[in-house]
Amino acid sequence: MGEDGGVSDEVDERVTPPLVDEAVKKAAVCWVSTGGPAYALWCLPLEGTLLVVTGPGEQTAPGLADSDTADVTLRGDHGGRIVTWPARVTRLRPGTEEWDTVAPLVAAKRLNASGSAAELVQRWAAQGCALNRLTPAGTAVSGADLPDGSLSEQPRPAAVVRAVRKPFRLHRVRRR
């Protein structure tokens, strides 16, 4: 309601569909696309948004750090895709009050990190890692509107993939 008791013309950008709100609260992994293929990223839900860290020594999401928008897909309890929504991408910068508040929370939830959460936050700042906030912004796609196919594709090349060697043989096998 406006100040004069009438209906306000302002739009609350924080109003999200209940499905998106609930899926965001439970998210541990999200699939993020900035126009190309989607990348699976670990994330931390915070106040109706998702926080993701990308960059050197962390997960890869080409183009996310420099993008203003992205498409986010979340899965349900059954493991399948339940909703895809457009997101507004905001990069949190080291030295800002928001970074100082949020980065330690994300670092504390980072699994298998070497060092303390404070050391991890310092490393992210020094290496130029991007801490991005993904905020729902737009119409979500869910239910019957989701694609019917699996959307599976061939694995993309990655630095962590090793060349497969022939198995070691303990003895020589003779062929007849």
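The following is a conversation about the predicted model of one protein.

Colleague: To start, how many helices and strands does the protein have?

Modeller: The predicted model contains 3 helices and 8 strands.

Colleague: In what order do the elements run from the N terminus on?

Modeller: The order is α-β-β-β-β-β-β-α-α-β-β.

Colleague: Which residue of β2 stands opposite valine 32?

Modeller: That residue is tyrosine 39. On the β5 side, tryptophan 31 stands opposite threonine 73.

Colleague: What lies between β1 and β2?

Modeller: The two strands form a hairpin, with 5 residues between them. In the turn, glycine 35 has a positive phi of about 115°.

Colleague: Which residues other than glycine have a positive phi?

Modeller: Glutamate 47 has a positive phi of about 55°, and asparagine 112 has a phi near 60°.

Colleague: Where are glutamate 47 and asparagine 112 found?

Modeller: Glutamate 47 sits in the loop between β3 (44–46) and β4. Asparagine 112 belongs to the loop between α2 and α3.

Colleague: Is glutamate 47 buried or exposed?

Modeller: Glutamate 47 is exposed, because its relative accessible area of 63% is over the cut-off of 50%. Asparagine 112 is also exposed, with a relative accessible area of 80%.

Colleague: Changing topic: what is the volume of the largest pocket?

Modeller: The largest pocket has a volume of about 910 Å³. The lining consists of 29 residues, and the closest to the pocket centre are Trp31, Ala38, Tyr39, Ala40 and Arg156. Two of these names have come up already: tryptophan 31 stands opposite threonine 73, and tyrosine 39 stands opposite valine 32.

Colleague: How do the residues of the lining of the largest pocket divide?

Modeller: There are 14 nonpolar, 9 polar and 6 charged residues in that lining.

Colleague: And how much space lies in the second largest pocket?

Modeller: The second largest pocket holds about 180 Å³ of space. Its lining includes Leu19, Glu22, Lys26, Val29, Arg75 and Ile82. Helix α1, residues 18–26, contributes the largest share of this lining, 4 residues. The lining of the second largest pocket divides into 6 nonpolar, 1 polar and 4 charged residues.

Colleague: How many salt bridges are there in the whole structure?

Modeller: The search finds 2 salt bridges. In one of them, the side chains of arginine 110 and glutamate 58 meet, at 2.8 Å from N to O. This pair links distant parts of the chain, 52 residues apart: arginine 110 is in the loop between α2 (97–109) and α3 (117–127), and glutamate 58 is in the loop between β4 (49–54) and β5.

Colleague: Why does glutamate 58 count as buried?

Modeller: Glutamate 58 has 14% relative accessibility, and buried means under 20%. Arginine 110, at 21%, counts as partly exposed.

Colleague: Which residue forms a salt bridge with arginine 133?

Modeller: That residue is glutamate 98, and the closest N and O atoms are 2.8 Å apart. Arginine 133 lies in strand β7 (residues 130–136) and glutamate 98 in helix α2, so the pair ties together parts 35 residues apart in sequence. Arginine 133 counts as buried, at 11% relative accessibility, whereas glutamate 98 is partly exposed, with a relative accessible area of 36%.

Colleague: Finally, how many residues does the largest nonpolar core have?

Modeller: The largest nonpolar core has 20 residues, and Cys30, Leu50, Leu64, Val72, Leu74, Trp85 and Leu134 are those with the most contacts inside it. The elements that give two or more residues to this core are α1, β1, β4, β5 and β6. Strand β6 gives the most to this core, with 4 residues.

Colleague: What share of the residues in the protein is buried?

Modeller: Buried residues make up 29% of the 176 residues. In soluble globular proteins, nonpolar side chains tend to be buried together.

Notes:
Residues numbered from 1 in each chain as written. Predicted model: local features only at pLDDT ≥ 70, side-chain atom pairs only at ≥ 80, totals over all residues. Heavy atoms only, no water. Pairing = 2+ DSSP bridges. 1 Å grid on protein atoms, 1.4 Å probe; cavity = no way out; pocket = protein on both sides within 12 Å on 5 of 7 lines; lining within 4 Å. Points joined across faces, edges and corners; volume = space filled by probe spheres on them. Nonpolar A, V, L, I, M, F, W, Y, C, P; charged D, E, K, R; others polar. Salt bridge = Lys/Arg side-chain N within 4 Å of Asp/Glu carboxyl O. Buried < 20%, exposed > 50% of the residue type's maximum accessible area, 1.4 Å probe, protein only. Core = buried A, V, L, I, M, F, W, Y, C linked by side-chain atoms within 4.5 Å.
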